[in-house]
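Hi everyone, thanks for coming. I'd like to walk you through one spot in a protein and then step back to the whole chain. Let me put it up on the screen.

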Amino acid sequence: MLRSVSRVKIPHIALGRRVLTSSYHTSRIDKSLKTEYDSIRDYGSYKNTIFTHRLPESTAQQSPPLVALHSRLNLPSSFTLSTLSQALNLKKYDGLANNFGLNTLGKTLLSYYVSEHLLVKYPRLPMPIHNVAVDSYMGSNALFDIGKIWGIQVDTTSKLEKYLSQEPEFMQYGKLRFISEEFKNEVKESGVFELSEEEIASINKENNTYLSKETEAYASAVRSIIGGLYTHAGEDVTKQFIHDHILSRKLPLDQMFQFSKPTRELVRLCEKLNFTEPVEIRLIAETGRLSSHAIYVAGAFSGVEKLGEGVGSSLQEAKTRAVVNALMSYYLYSPVSEDGSEVKLPSDKNYKFEGIVGIGDVAI
């Protein structure tokens with residue numbers, strides 16, 4: 001009912017110069033919802049005057065794209081086609097129920113299961129890497145790719161085009177609906193894109209990219225389908241679905257690390273782990289020192305314990321790789337149970353804590 005926020009800045013003057021102050025947020029009513037109220041401060045009087053209803057199941061069954069999507073995702077029979085159609089509807093006031101509630105539920109479920117997976121499987125991940133990994137699993141761009149793979153189509157034709165092509169009304173219920181009729185009827189120039197306020201606000205000035213409406217719509221649809229699956233089939237089925245479609249993807253965590261001072265970080269890490277012996281980088285083997293293709297093997301040691309090993313075409317490269325590999329072997333550690341299998345997750349049945357708790361990130 002309450003829409004995003006507007007930022008208000010109040011300048012302060014002190015000692016003849018302007019001082020930046022922190023801004024605060026004020027909420028404003030989303031006018032598209034046509035909300036009525038007795039008093040703006042009386043939240044209990046807020047009423048949404050837009051009439052919405054769910055798509056009848058008999059109507060949804062006549063939509064070929066909807067039936068095909070349901071079969072393609074191997075959804076259970078308890079997951080109704082009308083709910084699947086609702087998950088694809090982002091429009092607020094076209095008369096049909098939208099996916100706002102399902103999207104919120106699906107996002108909550110994704111956040112829980114993805115965080116649980118990463119925290120249990122990689123308990124030593126630094127928090128910045130953990131956040132990037134979560135975004136790689138369930139960020140808008142990642143879910144956009146998944147929605148494309150699922151074969152979700154976008155309803156881009158206007159009512160006039162549907163009428164002229166004699167397209168059945170049932171076809172639109174199986175497509176992603178987020179584009180307004182006004183936008184569909186606009187004359188578009190090739191190569192020219194007009195960004196909305198939300199798209200402008202999402203612009204990343206570092207690489208000149210932005211989060212498009214289509215990307216966010218696909219992500220919302222994927223989250224809504226997960227929310228609908230939980231509603232109709234329960235937790236166990238939803239958890240397996242998230243594992244099959246989200247967590248089963250290989251995530252290159254080792255490529256997310258970037259050490260500016262790896263040797264210094266390794267020393268600090270060993271101090272934090274209470275290693276008594278100092279860290280030393282030693283040359284283990286070499287060949288072809290005087291040739292154009294020399295190979296060096298170096299190792300990072302703490303006393304007699306070898307922490308990591310690296311190979312390089314120069315001595316410095318081998319030493320750096322050894323230190324980085326030592327850090328990676330610590331941060332990417334994954335615990336196993338007593339019988340050698342993966343440890344159970346807290347959401348599993350008969351869960352028993354078998355892992356370890358990390359001691360926190362290393363401060364450089």
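Let's start with a pair of side chains: Thr83 and His232 are joined by a polar contact of 2.8 Å. Please keep in mind that this is a predicted model, so we're talking about computed values here.

Where does Thr83 sit? You'll find Thr83 in helix H3, which covers residues 81-87. And is Thr83 buried or exposed? Its relative accessibility is 4%, and because buried means under 20%, Thr83 counts as buried.

Now, who are the neighbors? If we set aside residues up to four places away in sequence, Thr83 touches Arg54, Leu102, Gly228 and His232.

Arg54 is one of the residues lining the largest cavity, and so are Ser82, Ser85 and Gln86, along with His53, Leu55, Leu96, Ala97 and Arg177. By class, that lining has three nonpolar, four polar and two charged residues. The volume of this cavity is about 50 Å³, and the structure holds one cavity of 30 Å³ or more.

Stepping back, the protein chain has 13 helices and nine strands. Of its 364 residues, 37% are buried. Looking at contacts between residues at least 6 apart in sequence, 58% join residues at least 24 apart. Finally, the accessible surface is about 22,700 Å², and 53% of that belongs to carbon and sulfur atoms.

Key. Residues numbered from 1 in each chain as written. Predicted model: local features only at pLDDT ≥ 70, side-chain atom pairs only at ≥ 80, totals over all residues. Heavy atoms only, no water. Helix = DSSP H or I, 4+ residues; strand = E, 2+ residues; numbered from the N terminus. Buried < 20%, exposed > 50% of the residue type's maximum accessible area, 1.4 Å probe, protein only. Polar contact = N/O pair within 3.5 Å; in protein donor to acceptor, adjacent residues only side chain to side chain. Contact = heavy atoms within 4.5 Å. 1 Å grid on protein atoms, 1.4 Å probe; cavity = no way out; pocket = protein on both sides within 12 Å on 5 of 7 lines; lining within 4 Å. Points joined across faces, edges and corners; volume = space filled by probe spheres on them. Nonpolar A, V, L, I, M, F, W, Y, C, P; charged D, E, K, R; others polar. Areas by Shrake-Rupley, 256 points an atom, 1.4 Å probe, with all protein chains shown as cover.
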